[in-house]
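Please study the sequence and the model before reading each solution.

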Amino acid sequence: MKSLFSKLATTLEMIKFEHTLFALPFAFLGAILAANGLPTWRQLLWITVAMVGARSAAMTFNRIVDREIDAENPRTANRELPTGKLSLGFAWAFLLVSIGVFLLAAWSLNWLTFALSPVALISVLGYSYAKRFTAFAHLLLGWALAISPTAAWIAVRGAIDSEVPLLLSLFVLMWTSGFDVLYACQDYEFDKKAGLRSIPARFGIARSLWIARLFHFQAFIVLLLLLFFTELGWPAAVGVGLVGLLMIYQHALVKPTDLSRMNAAFFTTNAFVSVILLITFGSAVFIARM
């Protein structure tokens with residue numbers, strides 16, 4: 001039993017379980033906007049379970065299919081599968097359980113959520129192969145994360161009957177694509193050598209930083225449109241302003257000749273974006289109902 005818990009702890013470390021924080025608040029915000037308030041406790045429970053299951057499956061599958069590439073990359077060579085800290089068999093078992101948990105949660109919400117669950121699975125798992133075929137894999141990762149707000153909306157309403165969840169998902173897509181381009185700059189040399197495709201490998205680091213800025217500028221425009229269509233007033237506007245400032249700060253941390261502050265730009269800054277939007281837009285929903 002102790003060995004099992006040890007393996008589970010290693011697996012959670014491998015998939016960076018704590019980074020579920022990036023996407024989970026967007027799902028909660030999609031649910032709050034759909035319910036125009038708090039969804040039922042049952043909906044919140046199964047949305048949370050679905051998000052945890054989907055992200056756990058996606059990250060585990062990514063580590064499995066990339067294990068040989070990770071072993072050759074100095075930045076990732078110490079990951080759990082290349083070093084043997086975790087067996088491939090246990091990783092596959094954890095993947096299957098995670099998929100099962102996700103499907104159970106989708107089935108427990110409503111028929112449309114369950115019917116669309118294969119699309120979500122194909123998206124979050126398929127991204128792992130993208131760098132082998134296209135330099136625009138960053139957009140596919142963005143798509144995989146962008147599913148969550150609209151999926152949560154469907155979980156609450158059983159339909160896509162507004163432009164609001166689509167705008168929120170579009171923001172997540174462009175925001176994620178932008179920060180993934182930034183993060184991929186660290187692997188520029190390795191990706192070129194290994195024949196892997198990414199925007200930095202294709203366009204170079206300096207141009208890629210500008211492409212990331214373009215993606216984030218587009219994300220900010222979409223956020224303004226979301227503010228306009230939701231008509232949630234000043235609390236939501238504060239969130240839009242704070243996210244805009246965070247994205248500017250993120251890009252100020254990274255320069256073509258100095259990527260040493262990438263972790264601060266990627267992990268610290270991005271962890272705040274979804275939480276800020278959940279708090280500001282979420283509170284605006286409740287204020288508007290008063």
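A salt bridge is a side-chain nitrogen of Lys or Arg within 4 Å of a carboxyl oxygen of Asp or Glu. The model examined here is predicted, and it holds 5 salt bridges.

**Exercise 1.** Determine which parts the salt bridge between lysine 131 and aspartate 191 ties together.

Solution. Step one: the closest N and O atoms of lysine 131 and aspartate 191 are 3.0 Å apart, and the cut-off is 4 Å. Step two: lysine 131 is located in the loop between H7 and H8, whereas aspartate 191 belongs to helix H10 (residues 188–194), so the pair ties together parts that are 60 residues apart in sequence. Step three: lysine 131 has a relative accessible area of 23% and is partly exposed; aspartate 191, with 1%, is buried.

**Exercise 2.** State where arginine 132 and aspartate 66 lie.

Solution. Step one: these two residues form a salt bridge, with 3.1 Å between the closest N and O atoms. Step two: arginine 132 is found in the loop between helix H7 (111–126) and helix H8 (137–157), and aspartate 66 in the loop between helix H3 (41–65) and helix H4 (67–72); the pair therefore ties together parts that are 66 residues apart in sequence. Step three: arginine 132 is partly exposed at 25% relative accessible area, while aspartate 66 is buried at 14%.

**Exercise 3.** Classify arginine 157 and aspartate 161 by accessibility.

Solution. Step one: arginine 157 forms a salt bridge with aspartate 161, the closest N and O atoms lying 3.3 Å apart. Step two: the relative accessibility of arginine 157 is 38%, which counts as partly exposed. Step three: aspartate 161, at 46%, also counts as partly exposed.

Definitions and conventions:
Residues numbered from 1 in each chain as written. Predicted model: local features only at pLDDT ≥ 70, side-chain atom pairs only at ≥ 80, totals over all residues. Heavy atoms only, no water. Helix = DSSP H or I, 4+ residues; strand = E, 2+ residues; numbered from the N terminus. Buried < 20%, exposed > 50% of the residue type's maximum accessible area, 1.4 Å probe, protein only.
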